[in-house]
Amino acid sequence: MTTQTDRIQSKSSERVLTLDPKQNVKGVSNFARSMRRLRKHRMAIFGALLLLFVFLYVVIGSLIIPESVSVYNDPRRALQPPSAEHPFGTDVIGRDILARTIYGGQVSLFIGVTAMLVQILVGTAVGLIAGYIGGVVDFLLMRLAEAMLSIPQLFLALIALRVFADPARFPDFTFMGRRFSSTMIVIVFVIGLTSWMRVSRIVRSVVLSIREQEYVTAAQSIGASNWRIIFRHVLPNCAAPIIVSATLGVAAAILLEAYLGFLGLGVRAPTPTWGNIMGEANSYLDSWFYWFFPAVFIMLTVMGINFLGDGLRDAFDPRSLK
Amino acid sequence: MTRYILRRVLQSIPLLFIISFILFNFTNSLGDPLAIYAESRNRPSARDREIILKRLGLDRPILEQYLIWLVGNDWMPPVEIPTDNGVRYERGTRRGVLRGDLGISFVTRRPSWTRIEERLPWTLVLMIPSYLITVVLAIAIGIFSAVRQYSFWDNLITSVSFFFYSMPIFFVALLSIYIFAVQFKRWGLEPIKWGGTGDGTFASLLQHMVLPVFCLVAIQLAGYVRFIRSSMLEVLNQDYIRTARAKGLAEGEVVRRHAFKNAALPLVTLIGLDLPFLLAGAVVTERIFAWPGMGRLFIESFERADVPVMMTILMVLSVAVVVFQLLTDIVYTWLDPRIRYS
């Protein structure tokens, strides 16, 4: 630890020496410095490229192959191995697996990103409330977070999904000419609402430490409102850990969706996702192409996110002063 | 210390009440638990249905049901049950969770604890060896990687663990079954047996354990290697390591006695937090390998809305998490005398 602080001190003294008060020196913000570090992080760049590849695959793929291909079935060509006509083969009722990984991928990625947004919003809100109000509210919210952390997320999600994804209450809906199962929306909230706990703990601890800072007291004494303090002082201080957990949260959400889909208890037909394609393919072990391709896309996405998230964590780490 | 433990135990009591209340509400709205009676050959009539609901206490408000689940209904006034000749009064027989009665399974109509007793050993047979292998291998690989930071081997280990860290377990499982069972047969090799627990002999059990244990290790190992590597690296940069080297200690001694002992502290926390979740089994792995463990028990009772069994599994888990957290804290003070709880 001492070496670390020594380094910080010598670094800052250098900076002070080179500062010329007459010159209008433009400071580099912490965030900009972090982004510069990120650009030099080889693993992070690799991760970002992987993600770009997956993203382009589901976007450009859907421009080339119309959605009708992914739902067109012909039992006479069921479970055909990859060929020029069907590069990834066909599934058990003769649908093109390539097209299904494209359209299923869109849904999987959508679920990953939106579930992350729910998780971050709820986690931040709970953390702010617990940290600011304190007392009984804080105690109850933190016990709730602890309670939810002591049950495997998969169990919680399964139960919540069964309770809320009632097909009678939420029928299929049509969007941009495609039919979707409403379970797709329900699952976003189920995943988001079963994974906010860590974010709320981070935000709460930042609130508690920030409240004691002198500049916050100063802000309060000149009449800054609570909201101003939250947006000017608290949230910017949580930004780095929130961005990291948001990134990794997308991977966790995609994986959880895949596990639910694999168990046959996730998003329902007619909406394909990488997870529920795997779930269908589970019984057809010999037709390797059926489960192999969706699994590869899950893996590439999760790997890309993990690389990027790891890079972000390094880049935001104030101890790495490059 | 005693006071600290006492306070923690007291704090965990409201926690367990919150957990059980939330879970009780959710599991009870999963669907019609009588649906399984409807599957059976002698389907209950509407009136039988009413009688069953009354006897199980499922017609009462959810708060009252929760109270019965907690403290039983044997002390409550008898329930009116309609019969062919008038009404009969029946006394409740449940003693409640707080008095050690975890309820009767809706499906097997035996105490739900017996369901756990049947399945828990199978889960442990799978989880304990895979967890031990994971931790031992992770310590070895993590240290190996950390003392050679940024070398070829370190980079290779880091990349491979990132790869496995991102693998969904069903992918590893399906791939390994495909290669070691399906393809081995095609290549004329002896395929590894999988699915179920074998024919009862120890040798056959071992053979059936190979693939699931391999998958569980492959998935868990990566995270632990990364964890141990980074905590080793943190310790290796400390001044006392430099001092130890300056004293002229052998490098092995420095790594083992000075660095690893300190790097193992966060590992103890991690293990303490992960151990209770071994009891939950591995839902997906058990499903793929048809392993009769806790994960599958949960899914089975989930699919049939068997509330008492689900609640038992969930409460066993929550209690285990609370207990292990406390144990971890206690072990921690013993391992690291610098820490004092008050």
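Is B:Glu253 buried, exposed or partly exposed? With a relative accessible area of 27%, B:Glu253 is partly exposed, where buried means under 20% relative accessible area, exposed over 50% and partly exposed in between (1.4 Å probe, protein chains only). The model is predicted, and local features need pLDDT of at least 70, side-chain atom pairs count only at pLDDT 80 or more, and totals for chains, interfaces and linings use all residues. Residues are numbered from 1 along each chain as its sequence is written, chains are lettered from A and ligands numbered from 1 in the order in which they are written, and side-chain values use heavy atoms, with hydrogens and water left out.

B:Glu253 forms a salt bridge with B:Arg257, and the closest N and O atoms are 3.5 Å apart; a salt bridge is a side-chain nitrogen of Lys or Arg within 4 Å of a carboxyl oxygen of Asp or Glu. The two residues, B:Glu253 and B:Arg257, lie 4 residues apart in helix H10 (residues 251-278) of chain B, about one helical turn. Helices (H or I, at least four residues) and strands (E, at least two) are DSSP runs, numbered from the N terminus. B:Arg257 is exposed, at a relative accessible area of 51%. Another network of salt bridges, linked through shared partners, joins A:Asp91, A:Arg95, A:Arg100 and A:Glu280.Over all chains, the count comes to 17 salt bridges. In one of them, the closest N and O atoms of B:Arg60 and B:Glu64 are 2.7 Å apart. B:Arg60 is buried, with a relative accessible area of 19%, whereas B:Glu64 is partly exposed at 30%. A further salt bridge is formed by the side chains of B:Arg119 and B:Glu300 (3.0 Å, N to O). B:Arg119 belongs to helix H5 of chain B and B:Glu300 to helix H12 (residues 294-303) of chain B, so this pair ties together parts that are 181 residues apart in sequence. The relative accessible area of B:Arg119 is 12%, which makes the residue buried, while B:Glu300 is partly exposed at 25%.

The two chains meet in an interface. In it, 45 residues of chain A are in contact with 48 residues of chain B, contact being defined as heavy atoms within 4.5 Å. The size of an interface is often given as the accessible area lost when the parts come together. Between chain A and chain B the buried area is about 4,200 Å², and carbon and sulfur atoms give 78% of this area. Buried area is here the accessible area (1.4 Å probe) that two parts lose on being put together, summed over both.

Across the interface of chain A and chain B, 1 salt bridge is found. This salt bridge links B:Arg226 to A:Asp310, with the closest N and O atoms 3.5 Å apart. There are also 3 residue pairs in polar contact between chain A and chain B, both residues being at pLDDT 80 or more. A polar contact is a pair of N or O atoms within 3.5 Å; within protein, one must be able to donate a hydrogen and the other to accept it, and residues adjacent in sequence count only if both atoms are side-chain atoms.

On the side of chain A that touches chain B, at least two residues each come from helix H1 (2-18), helix H6 (135-149), helix H7 (153-164), helix H11 (226-262) and helix H13 (288-316) of chain A. H13(A) gives the most to this side, with 12 residues. The residues of the side of chain A that touches chain B comprise 34 nonpolar, 5 polar and 6 charged. In this division Ala, Val, Leu, Ile, Met, Phe, Trp, Tyr, Cys and Pro count as nonpolar, Asp, Glu, Lys and Arg as charged, and the others, Gly among them, as polar.

Rings of Phe, Tyr and Trp (its six-membered ring) pair if their centres lie within 6.5 Å; planes under 30 degrees apart count as stacked, over 60 as edge-to-face and the rest as tilted. The pair of A:Phe164 and B:Phe26 is edge-to-face, at 6.1 Å centre to centre and 80° between the planes. A:Phe164 lies in helix H7 of chain A and B:Phe26 in helix H1 (residues 2-28) of chain B, so the pair joins two chains. A:Phe164 is partly exposed at 37% relative accessibility, and B:Phe26 is partly exposed at 28%. The ring centres of A:Trp227 and A:Phe231 are 6.3 Å apart and their planes are at 25°, so this pair is stacked. Both residues, A:Trp227 and A:Phe231, lie in helix H11 of chain A, 4 residues apart or about one turn of the helix, and both are exposed. Ring pairs also link A:Tyr57, A:Phe88, A:Trp274, A:Trp288, A:Phe289, A:Phe292, A:Phe293, A:Phe297 and B:Phe171 into a cluster.

Backbone angles were examined in loops of chain B. B:Arg109, which is not a glycine, has a positive phi of about 55°. B:Arg109 is placed in the loop between strand E2 (86-90) and helix H5 (112-146) of chain B and is exposed, with a relative accessible area of 53%. B:Tyr150 likewise has a positive phi, near 65°. B:Tyr150 is found in the loop between H5 and helix H6 (152-165) of chain B, and is exposed at 63% relative accessible area.
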